[in-house]
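Subject: Structure handover and findings

Hello,

Here is the structure for you to look over. Please load it before you read the notes below it.

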Amino acid sequence: QVQLVESGGGLVQAGGSLRLACAASGSIFSISVMGWYRQVPGKQRELVALITSGGRTNYADSVKGRFTISRDNAKNTVYLQMNSLKPEDTAVYYCNAVNAFVSGTHYWGQGTQVTVSS
């Protein structure tokens with residue numbers, strides 16, 4: 001099992017920045033890809049960014065050029081630096097980790113609220 005704990009959410013004005021962190025514990029050897037997703041009420045959870053164990057990244061079009069995902073394997077932590085935030089970035093952000101050995105097995109954090117005021 002893998003436990004994920006997010007931190008760093010909060011309230012920020014449009015144009016501001018926040019950095020989210022997700023600390024992984026437990027069977028961390030099993031983790032391959034880690035990522036961030038977000039969800040607003042009434043909508044499906046959507047991918048924001050992901051990063052492989054080798055450092056390859058992928059971003060949703062809506063955040064390219066504004067958000068940066070990074071990973072510190074020594075600390076078992078993944079970060080999401082969010083710059084130039086917009087009101088439409090308001091959501092609950094969830095950390096995700098993929099099990100490399102058991103197909104289809106994902107782990108989720110509890111979520112952290114990000115609110116961007118206009």
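First, the ground rules. This is a predicted model, with local features needing pLDDT of at least 70 and side-chain atom pairs counting only at pLDDT 80 or more, while totals for chains, interfaces and linings use all residues. Residues are numbered from 1 along each chain as its sequence is written, and side-chain values use heavy atoms, with hydrogens and water left out.

Strands are named S plus a number. They are DSSP runs (E, at least two residues), numbered from the N terminus. For accessibility, buried means under 20% relative accessible area, exposed means over 50%, and partly exposed lies in between (1.4 Å probe, protein chains only).

Disulfide

The count is 1 disulfide, where a disulfide is a pair of cysteine sulfur atoms within 2.5 Å. Cys22 is joined to Cys95, with S to S at 2.1 Å. The angle about the S-S bond is -85°, and the link of Cys22 and Cys95 is left-handed. Cys22 sits in strand S3 and Cys95 in strand S9, so the bond ties together parts that are 73 residues apart in sequence. Both Cys22 and Cys95 are buried.

Core

A nonpolar core here is a set of buried Ala, Val, Leu, Ile, Met, Phe, Trp, Tyr and Cys residues joined through side-chain atoms within 4.5 Å. The largest one has 29 residues. Which of them touch the most other members? They are Leu4, Met34, Trp36, Leu80, Met82 and Tyr93. Strands S1 (2-7), S3, S4, S5 (46-51), S7 (67-72), S8 (77-82), S9 and S11 (112-117) each give two or more residues to this core.

Take Met34. Contact means heavy atoms within 4.5 Å. Beyond its neighbours within four places in sequence, Met34 is in contact with residues including Leu4, Leu50, Ile69 and Val78.

Val48 belongs to strand S5. Val48 is buried, at 1% relative accessibility. Leaving out residues up to four places away in sequence, Val48 touches Trp36, Tyr37, Arg38, Asn58, Tyr59, Ala60, Val63, Phe67, Leu80 and Tyr93. Asp61 is 13 residues from Val48 in sequence and 8.6 Å away in space, C-alpha to C-alpha.

Thr112 is in strand S11. At 11% relative accessibility, Thr112 is also buried. A polar atom of the Thr112 side chain lies 3.3 Å from the backbone nitrogen of Gly9. With residues up to four places away in sequence set aside, Thr112 touches Glu6, Gly9, Leu20, Ala91, Val92 and Tyr93.

Aromatic rings

Rings of Phe, Tyr and Trp (its six-membered ring) pair if their centres lie within 6.5 Å; planes under 30 degrees apart count as stacked, over 60 as edge-to-face and the rest as tilted. That gives 2 aromatic pairs.

One is Phe29 with Phe101. Their ring centres are 6.5 Å apart and their planes are at 35°, so the pair is tilted. Phe29 is in the loop between S3 (18-26) and S4 (31-39), and Phe101 is in the loop between S9 (91-99) and S10 (106-108), so the pair ties together parts that are 72 residues apart in sequence. Both Phe29 and Phe101 are exposed.

The other is Tyr37 with Trp108. Here the centres are 5.1 Å apart and the planes at 70°, so the pair is edge-to-face. Tyr37 is in strand S4 and Trp108 in strand S10, 71 residues apart. Tyr37 is buried, at 19% relative accessible area. Trp108 is partly exposed, at 37%.

A charge sits over a ring if NZ of Lys or CZ of Arg is within 6 Å of the ring centre and within 35 degrees of the ring normal. Arg45 lies over the face of Tyr94, at 3.7 Å from the ring centre. Arg45 also lies over the face of Trp108, at 4.6 Å.

Backbone angles

Most residues other than glycine have a negative phi. Where is phi positive in a residue other than glycine? Asn76 is one of these places, with phi near 55°. Asn76 is in the loop between S7 and S8. Asn76 is partly exposed, at 27% relative accessibility. Ser84 has a positive phi too, of about 50°. Ser84 is in the loop between S8 and S9. Ser84 is partly exposed, at 41% relative accessible area.

Best wishes

Terms used
Helix = DSSP H or I, 4+ residues; strand = E, 2+ residues; numbered from the N terminus. Polar contact = N/O pair within 3.5 Å; in protein donor to acceptor, adjacent residues only side chain to side chain.
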